[in-house]
Amino acid sequence: MLDTASKAFFHTLAGSRALKTLASRYGMRKPTSFARRFIAGETIQEAIEAARVVETRGMSETLDLLGESVSNLEEADVATRAYLRVIDAITAAGIGRHLSLKLTQLGLDVDKATAVDNLRKILERTEPAGFFVRLDMENSPYTEVTLDIFETLWRQGYRQLGIVLQAALYRSEEDLRRMNTLGAQVRLVKGAYKEPKSVAYARKADVDDAFARMTKALLLTGTSPALATHDPKMIEVARSYAREHQVAADRFEFQMLYGVRRDLQVALTRAGYRVRIYIPFGREWFPYFMRRLGERPANVLFVVRSVFGETG
Ligand SMILES: Cc1cc2nc3c(=O)[nH]c(=O)nc-3n(C[C@H](O)[C@H](O)[C@H](O)COP(=O)(O)OP(=O)(O)OC[C@H]3O[C@@H](n4cnc5c(N)ncnc54)[C@H](O)[C@@H]3O)c2cc1C
């Protein structure tokens, strides 16, 4: 319940222009500023530096150029071209070739066909260069269209492309079967968005149960599944189920967010598991940042302390 209330509260705050202006002013300006806890920086160079640190610690990464819900085709085009530059920068830097992106960033809200074209432009650059591209999953009005676009591109032969399913949604276990039938690579998450009871479990315990069931299904029948969670209980479910069913540690990976449970990231790597860190960067960091606060209201204290530390 608290979980739903907190997500709803931060969802409302995320819509505040005044707060966004204030946060943008203080959130990134110094190396110690509060948004840097969860966001690598505003530039690709800062993201590449963060990726290098991750790689020296024995982990891999996926880079996310932040941005979502663009409201016109020019913005979608700007975002697409920015992604193309990111691809070139990653290639030149020689770091891992793995991206995450959102379809509303490519214009899905404005025109579906243009968003697909934009995605295709990105894939035309990434596929020959050996990149993997993950389509992040946004809130439930986008679930079906995201899966549809994914399937269309899959049928057109794009194979270095993966999808995300959210355990919070009632429909996801069925979607998991749909994706497993294709042989698609799934990232499993609990779900970051405030959703109505008509489509999603309201109780955290129910979300956790669904996550555990889907973890088991992915370990047995999935293709290189990614279990994206910081929840020690869910991680233990995966570890013991994999052990019991002789699923080797290199057949799946854990994924965690930049700046979240760094202790667990290191511990899992040391225990011999593959761990990939989701590294977000870019100027449009506010909605992403607010979702992270909504997941763990204690993070607000950390922000408040850091703001007073800076201005005092
Ligand atoms: C790699 C990756 C990709 C993701 N992609 C998507 C996506 O495409 N679509 C989507 O809807 N969601 C996505 N998410 C977010 C996800 O849905 C959850 O909202 C988020 O991971 C928190 O859930 P949890 O599984 O960590 O469990 P929770 O039960 O929420 O948290 C378990 C524990 O993890 C720690 N923790 C969790 N969140 C935070 C935080 N923000 N700050 C500090 N500690 C925290 C706390 O110790 C907490 O007790 C992604 C998450 C990851 C790790």
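**View 1. Strand β4 is mostly covered, with six of its six residues buried.** Here, "buried" means under 20% relative accessible area, "exposed" means over 50%, and "partly exposed" is in between, using a 1.4 Å probe and protein chains only. This is a predicted model, in which local features need pLDDT of at least 70 and side-chain atom pairs count only at pLDDT 80 or more, while totals for chains, interfaces and linings use all residues. Residues are numbered from 1 along each chain as its sequence is written, and side-chain values use heavy atoms, leaving out hydrogens and water. The names of strands (E, at least two residues) and helices (H or I, at least four) come from DSSP runs, numbered from the N terminus. Take a look at both faces of β4: L161, I163 and L165 are buried on one side, and G162, V164 and Q166 are buried on the other.

**View 2. β3 and β4 sit side by side in a closed barrel.** Which strands build the barrel? There are eight, running β1-β2-β3-β4-β5-β6-β7-β8 with parallel pairing. From one strand to the next, the twist averages 25 degrees. Two strands pair if DSSP finds at least two bridges between them. In general, the strands of a sheet pair through backbone hydrogen bonds, either parallel or antiparallel. Strand β3 (residues 132–135) runs parallel to β4 (residues 161–166), and two bridges join them. You can pick out the partners: V133 goes with L161, and R134 goes with G162. β2 and β3 also run parallel, joined by four bridges, and F132 in β3 has H98 standing opposite. From β3, F132 and R134 point one way while V133 and L135 point the other way, and all are buried. Helix α6 (residues 143–155) lies across β3 and β4, at about 155 degrees to β4. For that angle, axes are lines fitted to C-alpha atoms (for helices, over the stretch in contact), and angles run from 0 to 180 degrees between N-to-C directions.

**View 3. Helix α4 spans residues 73–93.** How far does this 21-residue helix reach? From first C-alpha to last, α4 covers 30 Å, close to the 30 Å expected at 1.5 Å a residue. The expected span is 1.5 Å times one less than the number of residues. Among the buried residues of α4 are A76, Y83, L84, V86 and I90. Their cover includes α3 (44–56), β1 (60–65), β2 (98–101), α5 (112–126) and β8 (275–281), where contact means heavy atoms within 4.5 Å. At the N-terminal end, N72 caps α4, with a side-chain oxygen 3.2 Å from the backbone nitrogen of E74. After α4 comes G94, with a positive phi near 75 degrees.

View 4. Zoom in on K204 and you'll find an N or O atom of its side chain 2.6 Å from an oxygen atom of the ligand. T229 places a polar side-chain atom 2.7 Å from a ligand oxygen. With A192, a backbone N or O atom lies 3.0 Å from an oxygen of the ligand.

**View 5. Helix α11 (residues 286–295) is largely enclosed by the rest of the structure, because eight of its 10 residues are buried.** Those eight are F286, Y288, F289, M290, R291, R292, L293 and G294. R292 counts as buried because its relative accessibility is 6%. Leaving aside residues up to four places away in sequence, R292 touches F38, A192, L257 and N299.

**View 6. Two loop residues have a positive phi.** Most residues other than glycine have a negative phi. S69, though, has a phi near 50 degrees, and S69 lies in the loop between β1 and α4. Is S69 buried or partly exposed? With a relative accessible area of 42%, S69 is partly exposed. Q246 isn't a glycine either, yet its phi is positive at about 50 degrees. You'll find Q246 in the loop between α9 (232–244) and β7 (253–257), and its 68% relative accessibility is why Q246 counts as exposed.

How values were computed
Polar contact = N/O pair within 3.5 Å; in protein donor to acceptor, adjacent residues only side chain to side chain.
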